[in-house]
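Try each task before you read its solution.

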Amino acid sequence: MEAYFDNSATTRCTAHVREIVQRAMELDYGNPSSLHKKGIEAERYVKDAAASVAQTLKVSEKEIVFTSGGTESDNLAIIGTALANKRAGKRLVTTAVEHAAVYQAMEFLKTVGFEVVYLPVDQNGVVSLEALGEAVDGQTTLVSIMQVNNEIGTVEPIMDAVKVIRGKNPKTYVHVDAVQSYGKMRIRPRQLDIDMMSVSGHKIHGPKGVGFLYVRDKTKIAPISFGGGQQSGMRSGTLNVPGIAGLGVAARECYEDFDKKVLHMRGLRDYFIEKLSPMDGIFINGNAGNAGNAPDMAPHIVSVSVSGVRSEVLLHAFEECGIYVSAGSACSSNKRIASRTLSAIGVSPELSGSTVRFSFSAYNTKEEIDYAVLKLSELAPKLRRYQRH
């Protein structure tokens, strides 16, 4: 049996996504900036994708900027907004558990004169709203908070956070990294009162190398790439039409039968945790350990620490059994570094180095989970004995 539990790293494309990508590459391969028929055909793919994405969010198509993925979307939102508003203030606020695409963008801005405040989180990874209120002041131009943590699945209280931010400084822009929440939650940017939101296509059964940034109308943001002025000058460069077309289909599909898919993933998550609970030396990180239909946990991510077994060792032992997981976040180079998220929620360095992430999709089954639990029960004692030697 093969069991793929690394869906937070990437997902397999659906059949309809593959079909439209192939058609855009083989038949309708024009440059969407060209004025002839081939260009117009290509431009139609882009417009259709923008309409599909906008429909899932109940926003305007003009508020969608296509990018190369979540990293570029995060960088454009953070660096672009900071640079465009530096006269209003150079204070930026984010959390201690953000994805590297946010963290590294913030660290870059520190080198060019911006101040960055990193907010603490509790043992479940939930950001401190009290600290947020203390951090936002009249010089704060941007706050960036992820909606779902990519390592432990914690859902941050975005709506409550925005209320705190608006109460302290109504002019502060709010960016949300929704890479792990889009397709798993119903998201309405206008209801949340956020200004920008990042999404990646390959997390929702779309192609790699494509994503989008929602930018609310009248948001003051500067481009960070320059050239032909595509997408109203916000993101120059010839558009990745096959990728965008695939993203549009994936966006539409992931919100079809949405409640059924989310219920299925949540059921898998809770079933998995229930099966793990009696096992010795197994620890669930974050609020997922509480199981149940907790509203503050994503339906598809479980972070598991296996005491006495290095995460890379367990990962490869699983791999030999046809089981695929991540050693933490897989959205970086394959060089293993300490997890800022696990450190922030108080996980010891020993357990942090023994942590793997299981992430589910609507295509996983309970039989696959049973298989993974069986193999874990067999592998963990053997690997502990081996590593002690």
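**Exercise 1.** Find out how many of the 15 residues of helix 3 are buried.

Solution. Begin with the terms. Helices (H or I, at least four residues) and strands (E, at least two) are DSSP runs, numbered from the N terminus. Buried means under 20% relative accessible area, exposed over 50%, and partly exposed in between (1.4 Å probe, protein chains only). Now count: 12 of the 15 residues of helix 3 are buried, so this helix is largely enclosed by the rest of the structure. Among them are Gly-70, Glu-72, Asp-74, Leu-76 and Ala-84.

A word on the source. This is a predicted model, where local features need pLDDT of at least 70, side-chain atom pairs count only at pLDDT 80 or more, and totals for chains, interfaces and linings use all residues. Residues are numbered from 1 along each chain as its sequence is written, and side-chain values use heavy atoms, with hydrogens and water left out.

**Exercise 2.** Classify the ring pair of Phe-5 and Phe-360.

Solution. Rings of Phe, Tyr and Trp (its six-membered ring) pair if their centres lie within 6.5 Å; planes under 30 degrees apart count as stacked, over 60 as edge-to-face and the rest as tilted. The structure holds 9 aromatic pairs. In this one, the centres of Phe-5 and Phe-360 are 5.4 Å apart and the planes stand at 90 degrees, so the pair is edge-to-face. Phe-5 lies in the loop between strand 1 (3-4) and helix 1 (15-26), and Phe-360 in the loop between strand 12 (355-359) and helix 13 (366-388), so the pair ties together parts 355 residues apart in sequence. Phe-5 is buried at 0%, and Phe-360 is buried at 1%.

**Exercise 3.** Is Gly-237 buried, partly exposed or exposed?

Solution. Its relative accessibility is 25%, so Gly-237 counts as partly exposed. Gly-237 is in the loop between strand 8 (211-215) and helix 8 (241-254).
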